Amino acid sequence: MHRVAIVSQSGSKYSKDSGKGIFDLACEPCARILNSENLDKANLGAVLFSSCTTEQYSSTILSELLGIRPQISHRIDNLCNSGTNAVVSGYSLIASGLCDTVLVVGAEKARSEGNKLGWDITRGSFMLPVHWAALFAKAHMRKYGTSEEEMAMVSVKNRGNASSNPDALFRNPVTLDEVMASRKIADPLKLLDCSAACDGASAVLLASEEKAKELTDEPVWIQGIGQYTSSASFANATADLCSIEAAKVAAQAAYKMSKTEPSQIDVAEVHDAFTILEILAYEDLGFTKKGTGGKFVKQDNIAINARGGIIGRGHPVGATGVAQVVEIADQLAGSAGDAQVKGCKKGLVHNLAAAGSSATVIVMGSE
Amino acid sequence: MNQDFFTSLRKGEFRIPICVSCGAIAWPPSANCPKCLSPTQLKKSASTGTLLEFSRSHVTGKDGVFGLVKMGDIRVIGSFDSGSLAEGMKVKMTQCGLLDDGTAYYRFVPTST
C-alpha cells in the first residue's frame with residue numbers, strides 16, 4: 001500500500017444559518033486548498049463529497065463548480081461520521097494506487113432533511129439523538145457514579161476552547177453553574193450538554209507520498225484507520241450502555257495499524273455531540289480505565305477537542321468528520337494558531353454515527 | 001422494512017418477524033432474515049420484558065418517561081406513565097401502534113402495578 005498524506009486542510013466559519021446554499025458552503029474551504037501554485041487543480045484524481053444533503057449528483061456538481069474534472073467523484077453519506085468515511089475512502093483510492101490526489105469536502109446545512117434517521121423503529125416515539133444519549137448517561141451514572149457536574153465540565157472545557165476559535169458556532173464560554181442550570185432536555189442531559197446542528201464546511205487534500213513532496217513541506221500522515229458498524233438501530237448498537245462497541249473495535253484496529261498505544265496520543269478530536277459521549281470516548285479509546293471517564297475530564301496530558309469539539313465548534317453533520325481531521329492536521333502541521341499544542345506528534349480522530357452504531361477512528365502523525 | 005409489521009402495528013398488535021427457515025428474529029423488522037436471508041413471517045411476541053434503563057424527556061411534543069426494554073432477544077424504547085421505575089424491573093407492553101405521522105409507539109407498565 002502507498003502511504004497517504006494530508007497536504008492541505010481548511011474549514012469555514014460555522015453559523016446557525018449562513019444564508020448560503022449547500023454548494024456555496026462546500027466551495028468555501030476549497031479555495032485556499034486549490035489555489036496552491038503547485039497543484040494541477042483541474043486534474044485531481046478524485047472529489048469525494050461528504051454530506052447528508054438531499055441534493056442529487058452533488059459531488060459531480062461540486063466538481064464542476066470547482067473547475068475540476070476528476071477521474072472519480074461521488075457523495076458519501078453515513079450521517080454524523082460521513083466525513084471520516086469520506087476520508088477513509090480517499091485514503092483507499094490513494095493507497096491502492098488508483099489516484100494520487102483526492103479532495104475530500106464536507107458540507108451541511110443545519111436544517112438538511114438528510115440529517116435525520118427516520119428508519120429506526122426500535123426507538124419508538126423517542127427518535128431524537130438526545131433520547132439515546134440520555135440512556136447512555138443514566139447508565140454510566142448508575143454503574144460508575146459519574147455525576148452531572150462531570151458531564152457538564154465537558155461542555156465548560158469545550159465551550160472554553162471554542163471561545164478562542166474564530167470559526168466556532170459558539171464563541172462565548174459557559175460556567176459550570178450555567179450548564180447545570182440550563183434547560184432540561186432529557187434527564188440528565190441539559191441544553192448545554194448538547195451540540196447544535198449548524199451550517200458549515202471543511203475540506204482536506206490527500207496525496208500520495210510522491211505527490212505530497214511536491215505540494216508541501218509539512219505533510220501529515222494517516223497512520224492508522226479503524227472502522228466498525230455494529231448495526232444501524234439503537235436496539236442493536238451496543239449491549240452495554242456504558243460503552244460504544246463500534247468505537248472500541250475501531251480504536252483497536254487504528255492503534256494496531258499505526259503501531260500506536262493510547263498513551264502516545266498528544267491531541268485528539270472526539271465525538272462530543274453530547275457531553276456523555278466524550279466521557280465514553282475517553283474510555284473506549286483507552287485513554288483512561290473503564291468507569292473513570294468522568295474523572296478524566298480534568299486531565300491535561302492529551303489535548304482533547306482543543307478548538308471546541310462539536311459542542312463548541314458546532315455540528316454540520318456531514319462536515320463534522322472532515323472538520324475533525326482538519327483540526328488534527330492543523331495541530332500536527334503546527335498551524336493551529338492560538339490552540340496549537342506544542343510539540344505534538346500524534347493525533348487521533350474519533351467520529352460516531354447514530355447512537356454509536358458505527359464509528360471511525362483515525363490515527364495521524366507528523367512523521 | 002417488513003410492511004406486514006406496520007400493518008399489524010397499526011392495528012395495535014406487536015408481532016415480530018421470525019425466519020421461516022432458521023427461526024431467527026428479524027429486529028428491526030425485515031422481510032428477510034438477517035442470518036440466512038430467508039423470508040420471515042410475523043409471530044406474536046412476548047409482551048413482557050425487563051427495563052434496562054429509563055429517563056424523562058422534556059422535549060415539547062416528545063415529553064414523558066421513556067425506557068429501553070429487553071423483551072426476549074429484542075430491545076425497544078417505550079413510554080411509561082409512572083415515574084416510579086427501577087432498572088431491572090419487569091414490565092409489560094400494554095399498547096402499541098402508529099401515530100398519524102407514522103411514528104411507532106410502545107407503552108409499558110411495571111408488571112407489579
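Okay, before we look at anything: two strands count as paired when DSSP finds at least two bridges between them. Keep that in mind, and keep in mind that this is a predicted model.

So, chain A. Take strand β2, residues 46-50, and strand β4, residues 101-108, both in chain A: they run parallel, and five bridges join them.

Now zoom out a bit. That pair sits in an open sheet of ten strands in chain A, in the order β3-β2-β4-β7-β1-β8-β12-β11-β9-β10, with mixed pairing. Which strands are at the edges? Those are β3 (72-76) and β10 (303-304) of chain A, and each of them pairs on one side only.

There are helices to look at too. Helix α9 of chain A, residues 245-258, lies across β8 (220-229), β11 (346-353) and β12 (358-365) of chain A, and it runs at about 145 degrees to β8(A).

Then there's a helix pair. The axes of α4 (residues 82-95) and α13 (residues 317-333), both in chain A, come within 5 Å and cross at roughly 60 degrees.

Over to chain B. It has one helix and seven strands, and reading along the sequence you get α-β-β-β-β-β-β-β. The C-alpha trace spans about 40 × 30 × 20 Å along its principal axes. Why does a radius of gyration of 15 Å for chain B fit a globule? Because a compact globule with 113 residues would have one near 13 Å, and the 15 Å of chain B agrees with that. Buried residues make up 31% of those 113. And of the contacts in chain B between residues at least 6 apart in sequence, 41% join residues at least 24 apart.

Let's walk through the hairpins. In chain B, β3 (residues 48-57) and β4 (residues 64-71) pair in the antiparallel sense over seven bridges. B:Ser57 stands opposite B:Gly64 in β4(B). There are six residues between those strands, and in that hairpin B:Gly61 takes a positive phi near 85 degrees.

Next, β4(B) pairs with β5 (residues 74-80) of chain B, again antiparallel, over seven bridges. Here B:Leu68 has B:Ile77 in β5(B) as its bridge partner. This hairpin has two residues between the strands, and B:Gly72 has a positive phi near 60 degrees.

One residue I'd like you to find is B:Pro110, in strand β7 of chain B. Leaving out residues up to four places away in sequence, B:Pro110 touches B:Ser82, B:Leu85, B:Met89 and B:Val91.

Last stop, where the chains meet. The contact takes 24 residues from chain B and 22 from chain A. On the chain B side, β3, β4, β5 and β7 (104-110) each supply at least two residues, and β5(B) gives the largest share, six residues. By class, that side has 13 nonpolar, six polar and five charged residues.

Notes. Residues are numbered from 1 along each chain as its sequence is written. Chains are lettered from A and ligands numbered from 1 in the order in which they are written. This is a predicted model: local features need pLDDT of at least 70, side-chain atom pairs count only at pLDDT 80 or more; totals for chains, interfaces and linings use all residues. Axes are lines fitted to C-alpha atoms, for helices over the stretch in contact, and angles run from 0 to 180 degrees between N-to-C directions. Helices (H or I, at least four residues) and strands (E, at least two) are DSSP runs, numbered from the N terminus. Two residues are in contact if their C-beta atoms, placed from the backbone, lie within 7 Å. Ala, Val, Leu, Ile, Met, Phe, Trp, Tyr, Cys and Pro count as nonpolar, Asp, Glu, Lys and Arg as charged, and the others, Gly among them, as polar. The radius of gyration is taken over C-alpha atoms; the globule rule is 2.2 Å times the number of residues to the power 0.38. A residue is buried if 20 or more other C-beta atoms lie within 10 Å of its own, exposed if 12 or fewer, and partly exposed in between; C-beta atoms are placed from the backbone.
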